[in-house]
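Please open the model in a viewer and keep the selection panel at hand.

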Amino acid sequence: TVEAPGVFVLALIFLAVFIIIWFAHLKWLMDIWGVQ
Amino acid sequence: MASIFRTDPSTGLKIDRASENLIRWNLIAALATLAVGGLLALGVVLTRWPSVHLLPLDYYYRFLTLHGIDALLAWIIFFEIALVHFTSTVILGTRSYVPWLGWLAFALMLIGGGLINVIVLMGGADVMFTSYVPLKADPLYYIGVILFAVGALLGFIIFFINIVLSKRDGGYKRSLPLGSFGMLAASIIGVLTLAHGAAIFIPTLLWALDFIPWVDPAAYRLVFWGLGHPSQQINVSAMVAVWYMTVAFVLGGKPVNEKLSRTAFVLYILFINVASEHHLLVDPVLSTWHKIVNTSYMMHLAVLASMIHAFAIPASIEVALRKQGYTRGLFEWLKKAPWGNPAFSGMAISILLFGFLGGITGVIFGTEQFNIIRHNTIAITGHFHGTVVAGTTVAFMGFTYLLIPYVFRREIIWKGFASIQPYLYGTGVALLSIGMMSAGSFGVPRRHYDITFSGAPFSFTFDPSIDMFLSMMGVGGLLAVTGGVLYILLGFGSIIWGKKIEH
C-alpha cells in the first residue's frame with residue numbers, strides 16, 4: 001500500500017533534521033532570554 | 001491565422017514557429033543576464049571574503065545592487081517568461097495566440113533591464129536591490145524597473161490569453177496539465193506581485209523627479225515587500241512546475257496524487273503573501289500580534305505547500321523507477337536513477353538543496369520569535385541563496401538541457417562537462433550558503449563592506465571562527481562561478497555549435 005517506501009524514509013529523515021534545527025534555535029533563543 | 005507546427009521527434013510535443021522564437025529569445029536573454037549577474041557575484045563574494053576584500057567601497061555596493069537586479073530579477077524572470085510560452089503553448093499542443101504581445105513584453109524587459117544596468121554601472125543608483133527610500137536613485141533607474149515590470153506583467157498576461165484560447169481549440173479538456181497548472185499559479189502571483197511593484201515604484205519615480213515631496217519609508221517597505229517576497233513565490237511555483245515537467249520528460253513519471261499537487265499550488269496563491277511580513281519584523285509599524293499571526297502561524301500554510309511538493313515529486317520519481325524494474329530494497333531506485341543526465345541531476349540537486357538549505361532555514365528565520373537572532377545578518381543571504389540559487393537557478397539550469405534540444409533543435413555539446421555541471425554549481429552554492437549562514441550565526445551583518453570596521457571610532461571584533469566560515473563562503477562562491485561559467489558556455493555553445501537535430 002506504500003507506493004514510495006524509500007521516499008517515506010527520506011521524508012522522515014528530512015523532518016527529523018528540520019525538528020532538530022528548529023529546537024536548536026529555540027534553545028538558543030531561550031538562552032538569550034534567560035529562560036531555564 | 002496560419003501557424004506552422006512541427007513535432008519534436010523525442011517527445012512528440014507540437015511546437016509552433018512563433019512560440020519557438022519567443023522561447024528562444026527569452027532563454028538567450030536569461031543566459032546573457034545570468035552571465036552578467038554571475039560576474040558581479042564574483043566581485044561581491046571576493047569582497048565579502050575578508051582575506052581578499054577585492055573591490056573598493058563604491059564598487060562593492062554598485063556590484064551588489066546590480067547582482068540582485070541581474071541574477072534575481074532578469075535571469076529568473078526571462079527564464080520564467082520562456083516557461084510561460086512553453087507551458088501555455090507547447091505543453092498544450094496549441095499555438096501562441098498573441099506573439100506580437102510576447103515581443104512587446106520581451107522588448108520592454110530588455111530595454112528596462114538594459115537601462116537599469118547602464119544607470120547602476122554609471123553610479124546613478126547605488127541604492128541596493130531594495131532601493132529603500134530615502135535613498136534616491138537617478139529617475140532613469142525607476143523608469144527601468146517600471147519598464148521591466150510592465151514587460152513581465154504582459155508576459156504573465158500572455159499565459160492567461162493562451163490558455164483560454166487553447167481550451168477553445170481543444171488544447172486541454174477540464175484542467176491544465178500539472179506543469180502548466182504550476183505556471184498558472186506563478187502567473188496569478190506574478191500579476192498580484194507586479195501590481196505591488198507599480199503601486200510603489202511609480203510614486204517613488206515621481207518623488208525622484210521632485211513632483212511629490214516625500215515617500216514614507218515605512219509605507220515604501222510595506223508595499224515593496226508585496227513585490228519583493230511574492231515574486232520569490234513566482235520563482236518557487238515555476239521551479240516546482242519545472243520539477244514536475246522534468247520527472248515527466250526524463251522518467252515518464254506521473255504525479256502520485258494530482259489533486260494534492262494542484263491543491264499545494266493553490267495554497268501558494270492564497271497564503272504566500274502573509275509570509276512576506278518577515279521582511280518587516282523589526283519595523284515599528286505593525287504590532288507584535290500582527291507579526292506573530294502572520295509569520296508564526298499563517299506562514300506554515302504556504303510551507304505546507306512546499307512540503308507537499310517536496311515529498312510528492314521524489315515519490316513520483318521512485319514510483320517511475322520502480323516501474324522500470326528497480327525494486328530491490330528501499331533505495332535501489334535511487335542508486336539506479338539517471339545521475340549522469342544533467343536534467344535529472346539538476347532537478348534532484350535543486351530539490352535536495354531547496355529543502356535542506358533554503359526551506360528549513362526559511363521557516364526558522366522567517367518566524368517572528370526566531371527572526372531577531374538572524375535579522376539582517378549574512379545568514380539571511382545564506383538562506384535565500386539556498387532558495388533562489390540552489391533551488392530555482394539549479395532547477396532552471398537542469399531544464400535548459402531539455403529546452404535546448406526541444407526548442408533550438410541542437411544537441412548539448414561537451415556531454416561529459418554537462419553531466420558534472422549541476423554537481424559543480426550545486427556544491428559551490430551549498431558551501432556558499434552554509435558558510436554565510438554559519439557566519440551569520442555569529443552576527444556578521446549582510447550588505448556590509450568592511451566587517452573589521454577599520455578607521456571607525458568604535459571597534460568591534462567578531463568571533464575568530466567567522467574567518468573560516470567566510471572563507472568557506474568564498475571557496476563556495478568560486479566553485480559556483482566556475483559551474484556558472486560552464487553552464488553559460490554549454491548553453492551558448494550548444495545553441496551556436498551544437499549538432500543539429502534533424503527529423
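## Chain B as a whole

Select chain B: residues 24 or more positions apart account for 83% of its contacts with a separation of 6 or more, two residues being in contact if their C-beta atoms, placed from the backbone, lie within 7 Å. This is a predicted model, in which local features need pLDDT of at least 70 and side-chain atom pairs count only at pLDDT 80 or more, while totals for chains, interfaces and linings use all residues. Residues are numbered from 1 along each chain as its sequence is written, and chains are lettered from A and ligands numbered from 1 in the order in which they are written.

Colour chain B by secondary structure to display 15 helices and 2 strands; helices (H or I, at least four residues) and strands (E, at least two) are DSSP runs, numbered from the N terminus. The radius of gyration of chain B, 22 Å, is close to the 23 Å from the globule rule for 503 residues, so the chain is as compact as a globular protein of that length. That radius is taken over C-alpha atoms, and the rule is 2.2 Å times the number of residues to the power 0.38. Along the principal axes, the C-alpha atoms of chain B fill a box of roughly 70 × 55 × 50 Å.

Of the 503 residues in chain B, 54% are buried. A residue is buried if 20 or more other C-beta atoms, placed from the backbone, lie within 10 Å of its own, exposed if 12 or fewer, and partly exposed in between.

## The loop between α3 and α4

Next, select P134(B), in the loop between α3 (99-121) and α4 (139-168) of chain B. A cis peptide bond joins V133(B) to P134(B), with omega about 10 degrees. S131(B) lies in the loop between α3 and α4 of chain B as well. Its phi is positive, near 40 degrees, in a residue other than glycine. S131(B) is buried, with 23 other C-beta atoms within 10 Å.

## Helix α5 and what follows

Move to α5 (residues 178-208) of chain B, whose end C-alpha atoms are 44 Å apart, in agreement with the 45 Å that its 31 residues should span at 1.5 Å a residue. The expected span is 1.5 Å times one less than the number of residues. Just after α5(B), D210(B) takes a positive phi of about 65 degrees.

## The side facing chain A

Finally, display both chains: 17 residues of chain B are in contact with 17 residues of chain A. On the chain B side, α9(B) gives the largest share, 5 residues.
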